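This report covers strands, nonpolar cores, aromatic pairs and salt bridges. The sequence and the structure are shown first.

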Amino acid sequence: VLPAYRVLAFSLKKSNGENELYVNGSTLFGETSSHKDKLFQLLNEDLVSLCSKTIATIIEASSNPAMGLSKEAEVVTKKKYFIIYKDSSIEVGTKAQLKDDLIKMFGNEVEPHLKKVNPKQEDDLSALVKKLNDLKKQSEKI
């Protein structure tokens with residue numbers, strides 16, 4: 001077992017044959033980033049990339065012995081998504097925050113693509129990143 005700072009990237013093969021690629025945060029965000037030495041799943045890789053960091057949180061459920069109720073601890077898994085373009089990144093939060101951050105990064109031309117995006121849905125974010133890649137590729141051709 002290697003410490004996280006020594007792992008640059010690794011790939012896992014899922015049961016359906018797809019590969020999951022995990023990359024060290026220092027590779028994605030830079031050596032000075034607060035995300036260095038943490039592993040991120042790379043979901044889409046292109047000019048504009050999408051990656052996620054899974055954080056598991058354990059919430060202790062309360063029990064009431066007088067009522068005969070007892071619960072076991074519950075584990076809640078939450079993903080944080082990041083959109084990366086060149087030397088900057090966006091941590092996906094609320095829809096309004098995502099809209100503001102993307103307009104700052106890419107300009108007003110992205111606003112129509114944000115109307116039906118749910119920032120909590122991986123599929124919506126993947127589709128958005130593909131549209132952003134198309135926009136950037138078209139603007140580079142001009």
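## Terms and basis

A residue is called buried under 20% relative accessible area, exposed over 50%, and partly exposed in between, with a 1.4 Å probe and protein chains only. By that scale E91, at 35% relative accessibility, is partly exposed.

The model is predicted: local features need pLDDT of at least 70, side-chain atom pairs count only at pLDDT 80 or more, and totals for chains, interfaces and linings use all residues. Residues are numbered from 1 along each chain as its sequence is written, and side-chain values use heavy atoms, with hydrogens and water left out.

## Strand pairing

Helices (H or I, at least four residues) and strands (E, at least two) are DSSP runs numbered from the N terminus. Two strands pair if DSSP finds at least two bridges between them. Strand 2 (residues 19-24) and strand 3 (residues 39-44) run antiparallel and are joined by four bridges. Strand 3 is also antiparallel to strand 4 (residues 48-59), with three bridges between them. A hairpin of three residues connects strand 3 to strand 4, and N44 has L50 in strand 4 as its bridge partner.

Q41 belongs to strand 3. Y22 stands opposite Q41, and Q41 in turn stands opposite S52 in strand 4. Q41 is buried, with a relative accessible area of 11%. Contact means heavy atoms within 4.5 Å. Leaving aside neighbours within four places in sequence, Q41 is in contact with E20, L21, Y22, L50, C51, S52 and K79.

## Nonpolar cores

A nonpolar core is a set of buried Ala, Val, Leu, Ile, Met, Phe, Trp, Tyr and Cys residues joined through side-chain atoms within 4.5 Å. The largest such core has 18 residues, and I83, L98, L102 and L128 have the most contacts inside it. At least two residues of this core come from each of strand 4, strand 5, helix 2 and helix 3. Helix 3 contributes the most, with five residues. L98 touches I83, I90, V92, V117, P119, L125 and L128, not counting residues up to four places away in sequence.

Helix 3 has 20 residues and reaches 29 Å from its first C-alpha to its last. That is close to the expected 28 Å, the expected span being 1.5 Å times one less than the number of residues. The buried residues of helix 3 are L125, S126, L128, V129, L132, N133, L135 and K136.

## Aromatic pairs

A pair of aromatic rings is described by the distance of the centres and the angle of the planes. Rings of Phe, Tyr and Trp (its six-membered ring) pair if their centres lie within 6.5 Å; planes under 30 degrees apart count as stacked, over 60 as edge-to-face and the rest as tilted.

The whole structure holds five aromatic pairs. One of them is F29 with F40, an edge-to-face pair at 5.1 Å centre to centre and 70° between the planes. This pair links distant parts of the chain, with F29 in helix 1 (residues 25-29) and F40 in strand 3, eleven residues apart. F29 is buried at 18% relative accessible area, and F40 is buried at 1%. The rings of F29 and F82 have centres 5.6 Å apart and planes at 65°, so this pair is edge-to-face. F29 lies in helix 1 and F82 in strand 5, so the pair ties together parts 53 residues apart in sequence. F82 is buried, with a relative accessible area of 2%. Ring pairs link F29, F40 and F82 into a cluster.

## Salt bridges

A salt bridge is a side-chain nitrogen of Lys or Arg within 4 Å of a carboxyl oxygen of Asp or Glu. The whole structure has six salt bridges. The side chains of K80 and E91 form one of them, at 3.4 Å from N to O. K80 is in strand 5 (residues 74-85) and E91 in strand 6 (residues 88-91), eleven residues apart, and the pair links distant parts of the chain. K80 is partly exposed, at 33% relative accessibility.

K99 and E111 form a salt bridge at 3.1 Å from N to O. K99 lies in helix 2 (residues 95-106) and E111 in the loop between helix 2 and helix 3 (122-141), so the pair ties together parts twelve residues apart in sequence. K99 is partly exposed at 32% relative accessible area, and E111 is partly exposed at 32% relative accessibility. Salt bridges that share partners join K14, E18 and E20 into one network. Within it, the closest N and O atoms of K14 and E20 are 4.0 Å apart. K14 is partly exposed at 34% relative accessible area, whereas E20 is buried at 18%.
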